[in-house]
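Good morning, and thank you for the time on the agenda. Please look at the structure on the screen while I take you through a selection of its features.

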Amino acid sequence: MDRVTRTAAFYYSLLDEFCIILMLIFLFTTLIDADRNKYRLRLIKLMVSLIAFCLVDIFWVLVYWDVLPRTQFLRTVSNVFLYCAINACSYSMFILLNGCLELVSSSKLFDMKLTMVPFWILIALTVTTPWTKLLFSIDEAGNLIRGIFYIPFMVAIMGDLLLASVRAAILAFRPENEANRELCILVAFYGLPILIGGLLRAFFVSMPSVAFGTSVSVTLFFVMQIREQVSMDTLTGINNRRQGERFFIRQIQAINQRESESDGLYLFMADLDKFKSINDTYGHNEGDNALVVTAEALREACSQYADRCMLCRFGGDEFVLGGMFSSDAKADVFCALLNDSVARKCEQNQLPYVISLSIGYARYTKEFKTFRGLLAAADKKMYERKRASRRP
């Protein structure tokens, strides 16, 4: 083995080893987290499949560059393992992408269980290829000869990622998904690194593009996950107080810089009525469920005003909403919509209690000057309505 091939094998393996270390760090971070939702489990499967692929890829390159004996048998075995691992990585990413889209659209293109069928067909095709020669064959010199199903095989592996990316792009530009447009656009791009990596690997077999592309995709997921932890309320999944304050501060600064106040910025403060009695009667777990149900109802109501609405949990059982409305009459209609949405959601979930909201709002004028002044005015209106509702 000459020095050039030894160097190539070293750097190729080094990139795989780096990806393994990166995935182990991400995997450890995910496993120590108490949250075991469906999204996290799918992410764990993707990381495990990528680690397995990198190990197989190291074995493959050592055989390919003749660090290990470049025999016909080892070349066949290493390629069978390699294409099975590529299939597993691609399928794991496909499942994760579709899991993200479930948060946006309740409609499914197909039953996810049925997607296991083509996955196992491709695995069977790969495992049996030493005898069928349909995918590839290895000659006596250790060279790979592509079979008649090689190109269709690679298209099938990468086609599901392309399908998920296209679906995400379509959902991003539907009016009803305005509130989730950023998520859809990100999902559309998440699969591209592994898609590009797989296509490059199909034409340049000595390029470690699959491991690199998949690692980039997983890293993007973690960056967005950290961003969500900073900006999202962990219980309800909506914006937290920090994001709410940022929204109003930006809007107020923009209004203060304009001569006209034609845009009506409203701050709505919503508080659950008799929330303490829910905790005392049904326990704090049910109290948390009441908050989650309320957040879902408010999110659905806000989706009808997605281009001009913001929703956040401000603390405890208080929610703050922001929106652009032309008059107090339109703001009153919005308040009614919020309560109707909460009542409907309670009925759908068959809750043993009734959730109602006391909502106060204030429209920003330059007399307020700051967000705090606007918040205080809306908070005052809310408590006035809460006291009024308690009167016999």
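Predicted model: local features only at pLDDT ≥ 70, side-chain atom pairs only at ≥ 80, totals over all residues.

K133 sits in the loop between helix α4 and strand β1, the latter covering residues 136–138. K133 is not a glycine, yet its phi is positive, at about 65 degrees. Most residues other than glycine have a negative phi. K133 counts as partly exposed because its relative accessible area is 44%; buried means under 20%, exposed means over 50%, and partly exposed lies in between, with a 1.4 Å probe and protein chains only.

Residues are numbered from 1 along each chain as its sequence is written, and side-chain values use heavy atoms, with hydrogens and water left out.

A positive phi is also found at K274, again a residue other than glycine, with a value near 55 degrees. K274 belongs to the loop that runs between β3 (265–272) and α10 (275–282). With a relative accessibility of 69%, K274 is exposed.

Helix α10 itself contains N279. Is N279 buried or exposed? At 13% relative accessibility, N279 is buried. Apart from neighbours within four places in sequence, N279 is in contact, meaning heavy atoms within 4.5 Å, with H284 and G287. The C-alpha atoms of N279 and A290 are 9.4 Å apart, and the two residues are eleven positions apart along the chain.

Let me now turn to the chain as a whole. The protein chain has 13 helices and six strands. It comprises 392 residues, of which 48% count as buried. Among contacts with a separation of 6 or more, 71% are between residues 24 or more positions apart.

Next, the interior. In soluble globular proteins, nonpolar side chains tend to be buried together. A nonpolar core here is a set of buried Ala, Val, Leu, Ile, Met, Phe, Trp, Tyr and Cys residues joined through side-chain atoms within 4.5 Å. The largest such core has 65 residues, and M47 and F53 have the most contacts inside it. Helix α3, residues 72–101, provides the largest share of this core, with 15 residues.

What is F53 in contact with, leaving aside its neighbours within four places in sequence? The partners are L82, A85, I86, C89, R201, V210 and A211.

I51 is placed in helix α2. This residue is buried, with a relative accessible area of 12%. Beyond its neighbours within four places in sequence, I51 is in contact with I20, M23, L24 and L27. I51 and D16 are 35 residues apart in sequence, and their C-alpha atoms are 8.8 Å apart in space.

In helix α8, residues 209–231, we find T214. T214 is buried, with a relative accessible area of 0%. With neighbours within four places in sequence left aside, T214 is in contact with L46, L50 and I194.

Helix α4 holds T128, which at 34% relative accessibility is partly exposed.

Finally, I come to the second largest pocket. About 280 Å³ of space lies in it. Its lining has 13 residues, and R42, K45, Y91, I95 and M116 are the closest to its centre. Two or more lining residues come from each of α2 (38–64), α3 and α4 (116–132). Which element gives the most to this lining? That is α3, with five residues.

A pocket, on a 1 Å grid over the protein atoms alone, is an open set of points where a 1.4 Å probe fits, with protein on both sides within 12 Å along at least five of seven lines; lining residues have an atom within 4 Å of a point. The volume is the space filled by probe spheres set on the points, and grid points are joined across faces, edges and corners.

Conventions
Helix = DSSP H or I, 4+ residues; strand = E, 2+ residues; numbered from the N terminus.
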